[in-house]
Amino acid sequence: MPRVIHVFRQPDRFVAGTVGEPGDRTFYLQASENVRTISVTIEKQQVAVLAERLDSLLEEVANRFGADIPEEVPDDLVDVGPLTVPVEEEFRVGTMGLGWDADSSAVVIELLAVTEGEVDETVVLDDTEEGPDAVRVFLSPVAARAFAERADRVINAGRRPCPLCAEPLDPAGHICPRQNGYRRDADVLED
């Protein structure tokens, strides 16, 4: 069966979001254009890498091509709304690709489905008939910067880090490796 490439040339929305409680969240990227919405599952670390690489790409484009790239995005341009429901996973993201389309002055993000074997890098950002399913999104520099800002907010909206070891704090408690597992009980503190 030939691969399916979902292309969003002028998306109304492209966001990172989560479903679930902190500590048990599933991360999604969601693209919408007109009445079509596609959601793909992605790992938290992949979202962080994508946001970081987007910022790097935008800086490179500004330096190399002299493109007008905003340093920061006004808060009112950052989409803070929830994911569009129902959130139905199209596929789980394995490989990601980033590029710059000079013709349309747009950042191109491609998300490829997880596959059993190694993904040939010639498949990324290409329309070949063979390969994993993909979502390809074209974003203006401002929209790409806004996506990265929201992605950072989504990542940091999870559990607070422990002040000693920086590991996430669970609502039920935390055994800190910096204290060799020692935890004071509330009764001891009252004496």
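User: Where does Pro-86 lie?

Analyst: Pro-86 is in the loop between α1 and β5. Helices here are DSSP runs of H or I with at least four residues, strands are E runs of at least two, and both are numbered from the N terminus.

User: What kind of peptide bond joins Val-85 and Pro-86?

Analyst: A cis one, with omega about 0°. For background, most peptide bonds are trans.

User: OK, and what's the mean pLDDT?

Analyst: This is a predicted model, where local features need pLDDT of at least 70 and side-chain atom pairs count only at pLDDT 80 or more, while totals for chains, interfaces and linings use all residues. Residues are numbered from 1 along each chain as its sequence is written, and side-chain values use heavy atoms, leaving out hydrogens and water. The mean pLDDT (the predictor's confidence in each residue, from 0 to 100) is 86, and 92% of the residues reach 70 or more.

User: Where does pLDDT stay under 50?

Analyst: Over residues 186–191. The model has one contact beyond four places in sequence for that stretch, a contact being heavy atoms within 4.5 Å.

User: Switching to the core. How many residues has the largest nonpolar core?

Analyst: It has 33 residues, and Phe-14, Leu-29 and Phe-147 have the most contacts inside it. A nonpolar core is a set of buried Ala, Val, Leu, Ile, Met, Phe, Trp, Tyr and Cys residues joined through side-chain atoms within 4.5 Å. Buried means under 20% relative accessible area, exposed over 50%, and partly exposed in between, using a 1.4 Å probe and protein chains only.

User: Which elements give two or more residues to this core?

Analyst: On the strand side they are β2 (13–19), β3 (26–33), β4 (36–42), β5 (89–101), β6 (106–113) and β7 (134–139), and the helices are α1 (44–65) and α2 (141–156). The largest share, seven residues, comes from α1.

User: What does Phe-14 touch?

Analyst: Not counting residues up to four places away in sequence, Phe-14 touches Leu-29, Gln-30, Ala-31, Ile-109, Leu-111, Val-137, Leu-139 and Phe-147.

User: And α2, how many residues has it?

Analyst: α2 has 16 residues and reaches 23 Å from its first C-alpha to its last. That is close to the 22 Å expected at 1.5 Å a residue, where the expected span is 1.5 Å times one less than the number of residues. Buried residues in α2 include Ala-144, Phe-147, Ala-151 and Ile-155. What covers the buried residues of α2 includes β2, β3, α1, β5, β6 and β7.

User: Strands next. How do β2 and β3 run?

Analyst: They run antiparallel, joined by seven bridges; two strands count as paired if DSSP finds at least two bridges between them. Val-15 stands opposite Gln-30 in β3, and Thr-18 stands opposite Phe-27 in β3. The two strands form a hairpin with six residues between them, and Gly-20 in the turn has a positive phi of about 115°.

User: Is β3 paired with β4 in the parallel or antiparallel sense?

Analyst: Antiparallel, over seven bridges. Leu-29 has Val-40 in β4 as its bridge partner. Seven of the eight residues of β3 are buried, so β3 is largely enclosed by the rest of the structure.

User: What's up with phi at Asn-34?

Analyst: Asn-34 has a positive phi of about 60° although it is not a glycine. Asn-34 is in the turn of the β3–β4 hairpin, which has two residues between its strands. Asn-34 counts as exposed, at 68% relative accessibility.

User: And what is phi at Ser-105?

Analyst: Ser-105 is not a glycine either, and its phi is positive at about 50°. Ser-105 lies in the loop between β5 and β6 and is partly exposed, with a relative accessible area of 41%.
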